[in-house]
Every structure is written in C-alpha cells, then in structure tokens.
Amino acid sequence: MPENRFGERVAARYDESCADRFDPAVVGPTVDFLAELAGGGAALELGIGTGRIALPLARRGVRVHGIDLSEAMVARLRAKPGGDELGVTIGDFATATVDGTFALAYVVFNSLMNLVTQERQAACFRKVAAHLEPGGCFVVEMMVPELQRLPAGETVIPFDVTPEHLGFDEYDLVAQGLTSHHYTIVDGAVEVASFPGRYAWPAELDLMAQLAGMTLRERWGGWKREPFTAESRDHVSVWEKPA
Ligand SMILES: C[S@@+](CC[C@H](N)C(=O)[O-])C[C@H]1O[C@@H](n2cnc3c(N)ncnc32)[C@H](O)[C@@H]1O
C-alpha cells in the first residue's frame with residue numbers, strides 16, 4: 001500500500017482546514033453535475049475521504065461506494081449522519097477492486113494527483129474502466145498545472161498566504177512532481193504537512209483514458225459547465241466507456 005498522508009492528525013482537521021470546499025456554493029454544483037451523470041445508477045468515489053461529496057450525493061438518491069487508504073478519514077465519514085450507510089473499501093484506488101459495476105466513477109479535489117507516478121495514474125484509469133458499466137462515465141476534477149506562473153529557474157508558487165496558513169506548491173519539472181506544503185497555526189503552534197503529488201496536463205489524462213478504452217465526452221472549466229479556456233485553473237473532465 002502507498003504511504004497514507006491523511007492520517008489521524010490530518011483527518012482530525014480536514015473539514016475545518018478545507019472549509020471553503022465544504023461551502024454549499026461549491027458542493028451543490030458538484031453534486032448536481034455528478035447526480036445527473038449517474039442517472040439513477042451507482043457511483044464509485046476514489047478517495048472518498050470524510051464524505052464531502054459522497055454524503056450529499058447519497059442524499060440525492062445515488063448509491064455511492066467509496067475507496068480510501070485512510071482509516072482515519074473514513075472514521076470521520078462514518079461518524080456523520082448517513083455515513084454508516086455507504087459502502088467503503090479501504091485500499092489504494094489505483095489497484096483496489098470493488099464488487100459490482102458503476103454508472104459513474106469520480107475523483108475530485110485533485111486527488112488523482114495523489115498517485116505520484118504516470119504508471120499509477122494510468123493504472124487508475126484502467127481500474128476505473130474495469131469498474132464502469134458500458135456507457136458509464138469517469139469524472140476527474142483537477143488543477144491545470146500553473147507552469148505559466150513559474151519564472152525560469154523557480155520551482156515554488158505560493159497559493160495561500162494568510163496569517164493562519166501559508167501554502168506553497170513546489171514543482172519538480174523533471175519528474176512532473178508537485179508537492180503542496182502547508183504551514184498552519186493551530187492553537188498558537190505551527191503545524192507542518194506536505195502532500196506529494198504528480199501534475200498532468202488534461203491531454204495526458206486523455207491519453208490515459210484512451211489507453212484504458214475510454215473517450216473524452218466533455219471538458220469544462222468548473223462544475224457549472226463553465227467553458228474550459230486558456231485561463232481555466234481547474235478542469236472537470238468526463239470520459240466515457242463505450243456503450
Ligand atoms: C484531498 S482528500 C479528498 C477527500 C474527498 N474526496 C473530498 O473531496 O473532500 C484525498 C483523499 O484521497 C485519499 N487517497 C489519497 N491517495 C489514495 C490512494 N492511492 N488510494 C486511496 N485513497 C487515497 C486520502 O486518504 C484522502 O481521503
């Protein structure tokens with residue numbers, strides 16, 4: 001199993017530290033988008049975490065199963081109303097096999113980047129394709145690499161600078177690595193956490209999908225189907241398994 005970066009200490013503060021992502025203005029359009037694609041079928045979330053998306057999606061009548069490496073994150077999900085009713089597999093979403101097939105699989109909030117090699121990201125696409133019903137969809141929400149913001153020779157981009165939190169993305173331009181470093185003031189002390197990841201352009205993900213037998217159906221700049229443009233900082237991509 002890969003190293004679990006979302007252990008007890010991170011899990012305990014996850015919802016609070018990502019409060020902006022729990023805003024109904026963020027969760028609502030995400031759930032609308034996913035519920036529409038599920039179309040009454042079942043959904044598989046890769047990296048279900050504390051249930052930020054899975055729980056409201058389940059409340060919309062979608063049967064959701066999750067995969068996650070972190071027992072600590074899943075314990076927070078289980079403690080929430082409805083959290084006991086979702087199926088969860090503790091495992092690596094690049095390789096884990098779950099019973100049944102799904103109309104929809106999805107991985108949000110850059111979590112595909114947690115797979116730190118191209119080989120593992122490509123394996124994840126193959127694993128998803130194997131879990132999808134014919135005509136089923138795979139949805140990925142991921143950042144567009146911010147290389148245009150990196151002056152020549154530099155490797156670090158600040159993404160959040162407030163009195164309570166400093167966040168820096170550190171790029172490894174040779175290995176396509178992107179490690180997010182967080183320095184957070186908690187009870188007057190500094191907590192430090194780093195999350196290694198691998199960035200990829202949308203086109204590279206298209207090739208992974210193609211190699212897994214899926215084709216691009218839609219690409220948007222956000223969950224409200226904003227156009228994907230040269231200025232988009234994130235993309236929401238939908239690949240389809242042939243019917
Ligand atoms: C940024 S959190 C996102 C959680 C949730 N999807 C959300 O949007 O709030 C990433 C989650 O993916 C899980 N994760 C990271 N790498 C994983 C892997 N290889 N296999 C399974 N889960 C993984 C982490 O444990 C964590 O719960």
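Leaving aside neighbours within four places in sequence, which residues is L69 in contact with? The first close-up answers this; every view shows a predicted model.

**View 1. L69 sits in the loop between strand 2 (64-68) and helix 4 (71-78).** Setting aside neighbours within four places in sequence, L69 contacts M1, P2, E3 and N4, along with I90, G91 and D92. L69 is partly exposed, and its relative accessible area is 24%. That class applies because 24% falls between the 20% limit for buried and the 50% limit for exposed. D23 lies 46 residues from L69 along the chain, and 25 Å separates their C-alpha atoms.

**View 2. Helix 4 has four named buried residues: A72, M73, V74 and L77.** Their cover includes helix 1 (8-17) and helix 3 (54-59). Strand 2 and strand 3 (87-90) are also among the covering elements.

**View 3. Helix 5 covers residues 118-131.** This helix has 14 residues. From its first C-alpha to its last it reaches 20 Å, close to the 20 Å expected at 1.5 Å a residue. Its buried residues are Q121, A122, A123, C124, F125, V128, A129 and H131. These pack against strand 1 (43-46), strand 4 (102-107) and strand 5 (132-143). They also pack against helix 6 (202-211) and strand 11 (234-240).

**View 4. The largest nonpolar core has 36 residues.** Those with the most contacts inside this core are L46, L112, F125, F138, L205 and M214. Strand 1, strand 4, helix 5, strand 5 and helix 6 each supply at least two of the core residues. L205 touches L112, F125, V140, M142, A200, H235 and W239, not counting residues up to four places away in sequence. In soluble globular proteins, nonpolar side chains tend to be buried together.

View 5. V74 is one of the buried residues of helix 4.

**View 6. A209 is found in helix 6.** A209 is buried, with a relative accessible area of 0%. Not counting residues up to four places away in sequence, A209 touches F125, M214 and W239. F125 and M214 are among the residues with the most contacts inside the largest nonpolar core. L205 touches F125 and W239 as well. Along the chain, A209 and A38 are 171 residues apart; their C-alpha atoms are separated by 19 Å.

**View 7. N110 and D187 have positive phi values.** Most residues other than glycine have a negative phi. N110 is not a glycine, yet its phi is positive, at about 65°. N110 lies in the loop between strand 4 and helix 5. For D187, also a residue other than glycine, phi is near 50°. D187 is placed in the loop between strand 8 (177-186) and strand 9 (189-195). D187 is exposed, with a relative accessible area of 81%.

**View 8. The second largest pocket has a volume of about 200 Å³.** It is lined by 13 residues. The closest to its centre are P145, E146, Q148, A230 and S232. By class, the lining has six nonpolar, three polar and four charged residues.

Notes. Residues are numbered from 1 along each chain as its sequence is written. This is a predicted model: local features need pLDDT of at least 70, side-chain atom pairs count only at pLDDT 80 or more; totals for chains, interfaces and linings use all residues. Side-chain values use heavy atoms; hydrogens and water are left out. On a 1 Å grid over the protein atoms alone, a cavity is a set of points where a 1.4 Å probe fits but cannot get out, and a pocket is an open set with protein on both sides within 12 Å along at least five of seven lines; lining residues have an atom within 4 Å of a point. Grid points are joined across faces, edges and corners, and a volume is the space filled by probe spheres set on the points. Ala, Val, Leu, Ile, Met, Phe, Trp, Tyr, Cys and Pro count as nonpolar, Asp, Glu, Lys and Arg as charged, and the others, Gly among them, as polar. The expected span of a helix is 1.5 Å times one less than its number of residues. Buried means under 20% relative accessible area, exposed over 50%, partly exposed in between (1.4 Å probe, protein chains only). Contact means heavy atoms within 4.5 Å. A nonpolar core is a set of buried Ala, Val, Leu, Ile, Met, Phe, Trp, Tyr and Cys residues joined through side-chain atoms within 4.5 Å.
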